[in-house]
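This report looks at one protein model. It covers charge pairs, overall build, surface charge and backbone geometry.

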Amino acid sequence: MKLIGTYRSPYARRVAAALISRGLPFEHEPVNGYREFEIASRYNPVAKVPSLVLDDGEVLIDSTAILDYLNELTPAAPLIPAGSAARRTALKLAAIGYGVCEQATSLSFRGGEVPETEATRWRAQILGGLRALDAAATEGGPLQATPLDAAAITAIVAVEYLARTNPGLEILPAIPALAELAVAHREAPPFAQTRPAA
Ligand SMILES: N[C@@H](CCC(=O)N[C@@H](CS)C(=O)NCC(=O)O)C(=O)O
């Protein structure tokens with residue numbers, strides 16, 4: 001398999017972290033979706049990363065769809081837990097982590113250009129998402145399950161992405177359980193091996 005997408009993209013990074021966490025070998029082509037349109041569009045008609053090129057040449061796009069595929073490869077340690085309620089919870093939490101990344105991107109790229117009301121809404125969306133993840137990261141919560149599932153991987157990637165792209169927000173004191181989860185896994189291979197330079 002070959003993963004297309006720089007780890008500066010939280011979406012590419014969560015796929016890489018999932019691959020590493022499940023011991024799935026892959027090559028990596030660190031394409032920047034914003035700056036390398038031509039290369040990104042070779043894999044994805046809408047020129048976004050990540051894409052995942054399978055060994056038979058099939059190309060998967062979109063991190064959520066890619067994680068769903070990886071989940072099929074790892075039935076002994078599912079990335080998306082089996083069972084209706086657990087599955088719904090994991091997908092919901094992963095979507096919240098994804099949403100935090102989206103709004104963090106908007107805030108860091110365009111926060112200075114938009115009316116303050118818009119930036120305030122983005123900050124509130126980020127905080128709302130992080131608080132929901134924090135509640136799920138408390139003792140016995142779904143984000144505490146081991147091995148880490150797609151939701152927990154996304155949550156950790158989201159916290160690190162937010163800290164890197166919006167360092168002024170100082171949000172960590174408001175989300176102690178989630179911050180602790182991120183710290184506990186900071187040096188684990190899925191995160192240490194995919195962390196972009198500051
Ligand atoms: N839904 C997609 C979103 C991917 C995405 O927005 N990737 C960004 C990089 S973080 C990108 O390549 N953007 C290029 C562009 O929008 O022109 C996924 O989960 O993979």
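## A salt bridge between helices

R87 is partly exposed, at 33% relative accessible area. Partly exposed lies between two cut-offs: buried is under 20% relative accessible area and exposed is over 50%, with a 1.4 Å probe and protein chains only. The areas come from the Shrake-Rupley method, with only the protein chains shown as cover. The model is predicted: local features need pLDDT of at least 70, side-chain atom pairs count only at pLDDT 80 or more, and totals for chains, interfaces and linings use all residues. Residues are numbered from 1 along each chain as its sequence is written, and side-chain values use heavy atoms, without hydrogens and water.

R87 pairs with D68 in a salt bridge, at 3.9 Å from N to O. The term asks for a side-chain nitrogen of Lys or Arg within 4 Å of a carboxyl oxygen of Asp or Glu. The pair links distant parts of the chain: R87 sits in helix 4 (residues 84–110) and D68 in helix 3 (residues 63–73), 19 residues apart. D68 is partly exposed as well, at 31%.

## Other charge pairs

The structure holds eight salt bridges. One of them joins R123 to E116, at 2.3 Å from N to O. R123 is partly exposed, with 30% relative accessible area.

R121 and E118 form another, their closest N and O atoms 3.4 Å apart. These two residues lie three apart in helix 5 (residues 116–136), so about one helical turn separates them. R121 is partly exposed at 41%. E118 is partly exposed at 25%. Elsewhere, salt bridges with shared partners tie R13, E160 and R195 into one network.

## Overall build

The protein has eight helices and four strands. Both are DSSP runs numbered from the N terminus: helices are H or I with at least four residues, strands are E with at least two. Along the sequence the pattern is β-α-β-α-β-β-α-α-α-α-α-α. The radius of gyration is 16 Å, close to the 16 Å from the globule rule for 198 residues, so the protein is as compact as a globular protein of that length. That radius is taken over C-alpha atoms, and the rule is 2.2 Å times the number of residues to the power 0.38.

Along the principal axes, the C-alpha atoms fill a box of roughly 45 × 40 × 30 Å. Buried residues make up 48% of the 198 residues. T6 is buried, at 12%. T6 lies in the loop between strand 1 (2–4) and helix 1 (10–21). From T6 to E116 the C-alpha distance is 30 Å, across 110 residues of sequence.

## Surface charge

E27, D55, D56 and E58 form a negative surface patch. Patch residues have over 30% relative accessible area and no salt bridge, and like charges are joined within 9 Å. Asp and Glu count as negative, with the charge placed at CG of Asp or CD of Glu. E27 belongs to strand 2 (residues 27–29). E27 is exposed, at 54%.

## Backbone geometry

Most residues other than glycine have a negative phi, and most peptide bonds are trans. Which peptide bond is cis, with omega near 10°? The bond from V49 to P50 is. P50 lies in the loop between helix 2 (37–43) and strand 3 (51–53). The bond from T146 to P147 is cis too, with omega near -10°.

A47 is not a glycine, yet has a positive phi of about 55°. A47 is buried, at 6%. D62 has a positive phi near 80°. D62 is partly exposed, at 39%.

Key:
Patches are made of residues with over 30% relative accessible area and no salt bridge: like charges are joined within 9 Å, nonpolar side chains (Val, Leu, Ile, Met, Phe, Trp, Tyr) within 5 Å. Accessible areas come from the Shrake-Rupley method with a 1.4 Å probe; for residues, only the protein chains shown count as cover.
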